[in-house]
2 protein chains.
Amino acid sequence: MENKLPTVKEIARRLNVSVSTVSRALSDHPRIGLRTKTRVQELAKELNYEPNAKAIFFKQRKSFIVGVILPFIREEFFSQAISGIEAAAMEHDYTILFGQSYDNPDREKQVVETMKKQRVDGLIISLSKETNKYDHLQALDKYDIPVVYFDRVPQLEQAHKVYCDLYKGTTEMVNWLFNRGYRRVAFINGPDKLSASKERLKGYLEGVSKQKLKIDMQMVETTDLSRESTHEAMKKLLALKHRPHAIVTFNDYVHMDAVQYAEQHNILINKDIAFVSYANLPITNYTAYPPLASIEQYPYGQGNKAMELMIRILNEKGMPTNGARTYHNEKVVPTLVMHQPVIR
Amino acid sequence: MENKLPTVKEIARRLNVSVSTVSRALSDHPRIGLRTKTRVQELAKELNYEPNAKAIFFKQRKSFIVGVILPFIREEFFSQAISGIEAAAMEHDYTILFGQSYDNPDREKQVVETMKKQRVDGLIISLSKETNKYDHLQALDKYDIPVVYFDRVPQLEQAHKVYCDLYKGTTEMVNWLFNRGYRRVAFINGPDKLSASKERLKGYLEGVSKQKLKIDMQMVETTDLSRESTHEAMKKLLALKHRPHAIVTFNDYVHMDAVQYAEQHNILINKDIAFVSYANLPITNYTAYPPLASIEQYPYGQGNKAMELMIRILNEKGMPTNGARTYHNEKVVPTLVMHQPVIR
DNA sequence: CTTTTTTGCGCTACCGGTTGCACGTACGAT
DNA sequence: ATCGTACGTGCAACCGGTAGCGCAAAAAAG
C-alpha cells in the first residue's frame, strides 16, 4: 500500500480544521491562535509534511528554475561557467535546467523550445558558434522569460549580456609579445560570425598598429575551431616565407591543436615559435606545452555574474516597470597570465 | 500593457464554448465535432497557444524533469556522462535538473534536498567519494522518486545501478602488463570507501595472483585522489628499494598528477616506468604523457544507460506493482585501449 | 450592558488545465 | 409514433496549495 505524501488536506482532516487554517498556521500567519498553530505544526513535523513545490510554483507562476544552455559542457571553460552559475543559483534557491547546443543552431532552437515548454523562470545562454539569428530567443519575451547571454553574446543592443572585454585583452597580449621581442605575431582566429572573434581581431589589429607596424593579413587565419581547420591554418602559417615568431590562438583547445601540428612538423614549441592563447584552463597545466601566456576570462565569474544578473532581473519583475525596459551589460576584465615556459 | 499568454479559458471565451470543449478539441478528442474542432484549433494556432506545462505536470503529478547529481562536472568523465544522460533524456522528452556535490556529502545532501523539493520525477546520481550513508537518498523512496546510481554506486542491494565492471578490466590490464614484461606492477588506488576502489583492488590482486607471484602490498597505495595525496603515493613508490616497473593509477587525473611528480624526479615516463590508467579521456591525447594504455569506461554510454533505465522505471510506475519491487543492475564492459607511446 | 474592536477560523475562488458524467438533440430502427 | 443510440457539448470536480473576505465569539472600550 502506497503511503501517500501528507498534504494540507490530510492535516486539516486529522485536526478537524480547514485547509486554509493549516496553510496559515504553517506559514505562521498572525491571525491563527497559538494553540492551533502549534497543533498544526507538530502534526506537520510528525507526518514529515513538506509543501508540494509544484503546486506552489504553479499558483505563483514561478518555478525557481533557470534554464542554462551551453555549446559544450565538456569544454572546461563551460563546465567552470556552469559551476559559477550553479553557485549563485543555490545561494538564491534556484535550480538549473541543463541543455547543450553542441554548437548547432537547430539543436539550440530545440533546447530553447524545451525550456520554454517547461516554463523556466529565465534562460542563461552562451550561443552556439553558428547562431546568427535570435528569433527563437527573442520569442521568449512573449512568455515573459528573460534571457541573459554570457561569453558568446549576440550582436543585439536589446539584451542582457555578461562577457569579457577581449578587445582590450588582446591588445595587451600583442603588446606583451612585442615587448618580448616577437616581431611577427600571427593570429589564428575563430569564425567571423562570432562577436568574440571580431573583438579579438580588433584587439589584434589595434595592438599591431600601435607598434607602428604594417599589418600583414597573411598573419591572420580564420578557422571554425575544429582540429582540421586549425591544422590547415598552421600549415599555411608554417609555409610562409617569413614564419611567425609567435602565434596567438583563439583558445586553449585551438592552442593544443596548433601545438600538436607544430610538434609533428618539428617546430620547437615556445622556442622556434612562441604560443599564447585565451582561456587559461587548468587542464593546460597538464598538457605537453602550455602556452607562454594566456588570457584568463574567468568563466566561473562570468557564469556567476550572469546568474546574479538573472536573479536581479527576476526580482525586478514585480516592480514599477516604468515603461521602457533597461538592459544590463556587464563586462568582465580579462587578465594576462604568464605560464612557466616548457620547452622539451 | 502585458500581453498575457493565451489559455484555454481565453480561447473558450472568444469562441463561446466551454473550456472542456477547447481542451478536448486541442487533444483531438473523437467526441468533438469537426467544425468546433477546427475553429478551436485555428484560433489556437492564431494566438500561438501553448498549453502550460506546469499546470499539466502539476495535475498529472509528473514534470518530465530528472535530477542529475555529479561530483564534478569539470571532470571530462562526468561531462561525457551527462551528455549521455541528456541525449537519452531529449529522446524521451525529459529534461535535466543539474547539481554538483563537489565530492562533499553535506553538499550532496543539500542538492538532493533541493531536487526533492522540486519534486523531480527521478534522480540519477554518481555518489560523492565520501558518501557512505545513503539515508538522504533512500528517503526519496517515500516521495516516490526513483534513484538510479551510476559509476560511483553504493553498496546496496536494493538500488538501481549502472556501472563498469572494473574487476575484470583491471585483471586484464594487469595481465597485459605482465605479458609485456613488466614484473613489478604498482597500483595507486582511490579511497577505500569507494566501491570502485574495491573493484579495482580485487581485480589487481586477482591479476597479480594469476601470475603466481607473491602480492607485495608495498606496491599498493591508497589516495584520496587529490594531487598532494597522489604525489605522496609516488614518493613512497619511488623510494622503494625495488621500484615498480609499471604503475596503474586510479584514473587519468591521478595519472597526470603521478606523471607530473615522476617527471619532476627525473623519471623517463613510459620508459623507466610504464604508466597505465583508467578512463581514457580525450584530453589525455593532448597531455605530455598519455598512459600506455587506459581502461575505457564509456561514461557517455553509462550515462545514457542510466537515463534509459530511469525512463523504463518511470514508465513501469503505473504498472501492476506486483508486491516486491525489482532492482535493475546494469554492468558496462570496459575495454583496454592502447595509446601511442610518447617518450620525450 | 451595549458597542466596537480584536481574535480565530472557515468558505470559497483561483492558478490552467483534464476528465467522468450528464444532458439535449438528431437520426435510424422498430 | 416511439425508442435506442450515436453525437456534440457543458458542468463540475480535481491536482495542492494560497489568500481575500466574512462571520462568530471573545475582549476591550464606551
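Colleague: Through which surface do the copies meet?
Modeller: This is a predicted model. Of the interface residues of chain B, 100% are also interface residues in chain A. The copies therefore meet through the same surface.

Colleague: What rotation superposes chain B on chain A?
Modeller: The superposition has an RMSD of 0.1 Å, and the shift along the axis is 0.0 Å. The two copies are thus related as by a two-fold rotation axis. The rotation itself is 180°.

Colleague: How much area is buried between chain B and chain A, and which residues of chain B lose the most?
Modeller: The contact involves 55 residues of chain B and 56 residues of chain A. About 5,000 Å² is buried between the chains, and carbon and sulfur atoms give 54% of that area. On the side of chain B, three residues together account for 16% of what is buried there, and these are B:Lys54, B:Arg119 and B:Tyr286.

Colleague: Which residue of chain A does B:Arg107 meet in a salt bridge?
Modeller: The rule finds four salt bridges across the interface of chain B and chain A. A salt bridge needs a side-chain nitrogen of Lys or Arg within 4 Å of a carboxyl oxygen of Asp or Glu. For B:Arg107 the N to O distance is 3.1 Å, and the partner is A:Glu86.

Colleague: Which element gives the most residues to the side of chain B that touches chain A?
Modeller: Across this interface, 26 residue pairs are in polar contact. Among the elements of chain B that give two or more residues to the side touching chain A are helix H4 (53-60), helix H5 (76-91) and helix H6 (105-117). With seven residues, the element that gives the most is H6(B).

Colleague: Which residue of E2(B) stands opposite A:Phe98?
Modeller: Strand E2 of chain A covers residues 95-100 and pairs with E2(B). The pairing is antiparallel and runs over three bridges. Opposite A:Phe98 stands B:Ile96.

Colleague: Within chain A, which residues does A:Leu47 touch, leaving out those up to four places away in sequence?
Modeller: A:Leu47 is found in helix H3 (residues 34-47) of chain A. Its contacts outside that sequence range are A:Pro6, A:Glu10, A:Ile11 and A:Arg14.

Terms used. Residues numbered from 1 in each chain as written. Chains lettered and ligands numbered in written order. Predicted model: local features only at pLDDT ≥ 70, side-chain atom pairs only at ≥ 80, totals over all residues. Heavy atoms only, no water. Least-squares fit on C-alpha atoms with pLDDT ≥ 70 in both. Contact = heavy atoms within 4.5 Å. Buried area = accessible area lost by both parts, 1.4 Å probe. Polar contact = N/O pair within 3.5 Å; in protein donor to acceptor, adjacent residues only side chain to side chain. Helix = DSSP H or I, 4+ residues; strand = E, 2+ residues; numbered from the N terminus. Pairing = 2+ DSSP bridges.
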